[in-house]
Amino acid sequence: MSTTLLLDSRIPSVTGATALAVVDGTVAWAGDGSVGRVRFGDADEVLELGGALVTPAFVDAHVHATSAGLLASGLDLTGCPTLAQCLQQLAQHARPGTVLWGHGWDETSWPERRPPTRAEVDRACGGAAVYLSRIDGHSAAVSSALLARATEAIGAPGWAAQGPLTRQAHHHARRAARESITAGQRQSAQRAFLTAAAARGIAVVHECAGPEISGINDLTDLLSADHGVEVVGYWGQAVSTPEQVRELLAATGAHGLAGDLFCDGALGSRTAALRTPYADAPGTRGATYLDAQQIADHVRACTLAGTQAGFHVIGDAATDAVVAGFAAAQAAVGTAALRARRHRLEHLEMVDPDQARQLAVCGVVASVQPAFDAAWGGAEGMYALRLGASRAAGMNPFALLQAAGVVLAFGSDAPVTPVDPWGAVRAAVEHCSPGSEIGVREALAAHTYGGYWAAAVTDSLAGTLFPGAPASYAIWDEAEVGGVDPPACLRTVHRGRVLFERHGALVSRGRSRRTS
Ligand SMILES: [Zn+2]
């Protein structure tokens, strides 16, 4: 038996608790320190935390591990301030004969207010094969040398002779870029990503894989990484029969056929499906990849197979299709069967009160990204540019969803936004649109408990620090939540296993010092 006792800490999720005892990977007790000293004073490890904060470890409910890991060692264009600098960085990184994978440009924040042309990319990269995904991952600027490896992209829907590729043309180009990454590069990118996540207090990530995003090898590598950070894999591929569900789960090792199963694209790339045209491009209402019938078929097949279904849905027209699809599935399989599977929706950025209520009745979970609002909300933000002020003000309505009874799970969509759970909590509490914010407690719950709920984990205590819960927690050096600087993580533990520890930050006076 192995026992750890945390003393002199703040544990906001258990009122009045200043101490926590963990026995063999399970929370055994939480309460007042004086009681803890008596009951667990002979623990193997006793940590006097000097007022440090202890929370359940975070769950990031939407990530792309390989892309996020590659960004750390590759061409990171997030935060690049101008088009000219983007091209300059491209010129510095590109090597003839190799494929350069870059990510993160955002023309809405550039003075030039336009993406790079193919001619500019070609000039800057000197003939190298280059794939540069836009910040939202739904379009990419590519070089002519990359297109030579993805000739199917030429003339496909979303093709542009000079501008970024979107839709199917983008998917072809992405596949060509992906195929240039070796298994070794992929695995080390995944490990780097998981290690960085653990250092930010994250114990579980939900990988949103799919045929057009990452491929089967990428997911099976990640699921077999045995890193310590738990990976819940989702596979985004539409099906219509329970047999197809079972075949795909067996082939991919996925937990469900959900995640980035695209109903539409993203607002930044003008591929999110809208009821009325884009404010800054009156000729388009975005892209639709699945209709209500396909959505209904997928939900019904997954429900009958006993598996989670789910979709990527951003624009209001895509939400309309999803709500209609769930209604049809509900009529086919019944509300109880639907609810029991805990189907999930990614992003769900444009949803009205009626739709939120209907989704709540179907037991649907909303996997949302508060950092999107922090990055793109507000009067001057990208949402307002693409949609106009009034539609933009209704984006990411967390309070509305919560009031309707839709369970929220928070994630980053890394590399679209960085893994930064405290940043997400803060963004949800300080929402750009007044009335859409939620409280600190609810935001913390959405980033912990909500993540387990969203993965349909049946252990109802997972993500809490109540006795009987799996011991998944993080220790932080800040006593106050909501300060300007996010708390620094001192230790991350998942099911009793230490995933991360800041060197020298914790000193034990237990009988023996556990080292891992
Ligand atoms: Zn995603």
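Is Arg167 buried, partly exposed or exposed? Arg167 is partly exposed, because its relative accessible area is 26%, which lies between the 20% and 50% cut-offs. This is a predicted model.

## Arg167 and its backbone

Arg167 sits in helix α6, which spans residues 167–179. Its phi is near 45°. That is a positive value, and Arg167 is not a glycine.

## The loop between β17 and α18

Asp413 lies in the loop between β17 and α18. Here too the backbone has a positive phi in a residue other than glycine, near 60° for Asp413. Asp413 has 6% relative accessibility, so Asp413 counts as buried.

Pro415 is found in the loop between β17 and α18 as well. The peptide bond that leads from Ala414 to Pro415 is cis. Its omega is near 10°.

## Helix α8 and its cover

Helix α8 covers residues 216–223. Its buried residues are Asp218, Leu219, Asp221 and Leu222. Look down the axis of α8: these buried residues fall within an arc of 160°, so they line one face of the helix.

What lies over that face?

## Gln190, a residue of α7

Gln190 belongs to helix α7. Its relative accessible area is 2%, so Gln190 is buried. Leave out residues up to four places away in sequence, and Gln190 touches Thr66, Asp218, Asp221 and Leu222. Asp218, Asp221 and Leu222 are among the buried residues of α8.

How far apart are Gln190 and Ala65 in sequence and in space? In sequence they are 125 residues apart. In space, C-alpha to C-alpha, they are 5.4 Å apart.

Ser214 is in the loop between β11 and α8. Its relative accessibility is 12%, so Ser214 counts as buried. Set aside the neighbours within four places in sequence, and Ser214 is in contact with Arg178 and Ala209.

## How α3 meets α4

Helix α3 (residues 83–93) packs against helix α4 (residues 118–125). The angle is about 40°, and the axes are 7 Å apart. That angle makes α3 oblique to α4. The crossing of the two helices is right-handed.

Which residues make the contact? From α3 come Leu83, Leu87, Leu90 and Ala91. From α4 come Glu120, Val121, Ala124 and Cys125. By class, seven of the contact residues are nonpolar, none is polar and one is charged.

## Helix α19 and its buried face

Helix α19 runs over residues 440–447. Ala443, Leu444, Ala446 and His447 are its buried residues. Seen down the axis of α19, they fall within an arc of 160°, so they line one face of the helix.

What covers the buried residues of α19? The cover includes the strands β5 (58–63) and β17 (408–410). It also includes the helices α18 (421–429) and α20 (449–454). The elements β17 and α18 are the ones on either side of the loop that holds Asp413 and Pro415.

Definitions and conventions: Residues numbered from 1 in each chain as written. Predicted model: local features only at pLDDT ≥ 70, side-chain atom pairs only at ≥ 80, totals over all residues. Heavy atoms only, no water. Buried < 20%, exposed > 50% of the residue type's maximum accessible area, 1.4 Å probe, protein only. Helix = DSSP H or I, 4+ residues; strand = E, 2+ residues; numbered from the N terminus. Arc of directions from axis to C-beta. Axes fitted to C-alpha atoms, helices over the stretch in contact; angles between N-to-C directions. Parallel < 35°, antiparallel > 145°, perpendicular 65-115°, else oblique. Left-handed = near helix turned anticlockwise from the far one by under 90°. Contact = heavy atoms within 4.5 Å. Nonpolar A, V, L, I, M, F, W, Y, C, P; charged D, E, K, R; others polar.
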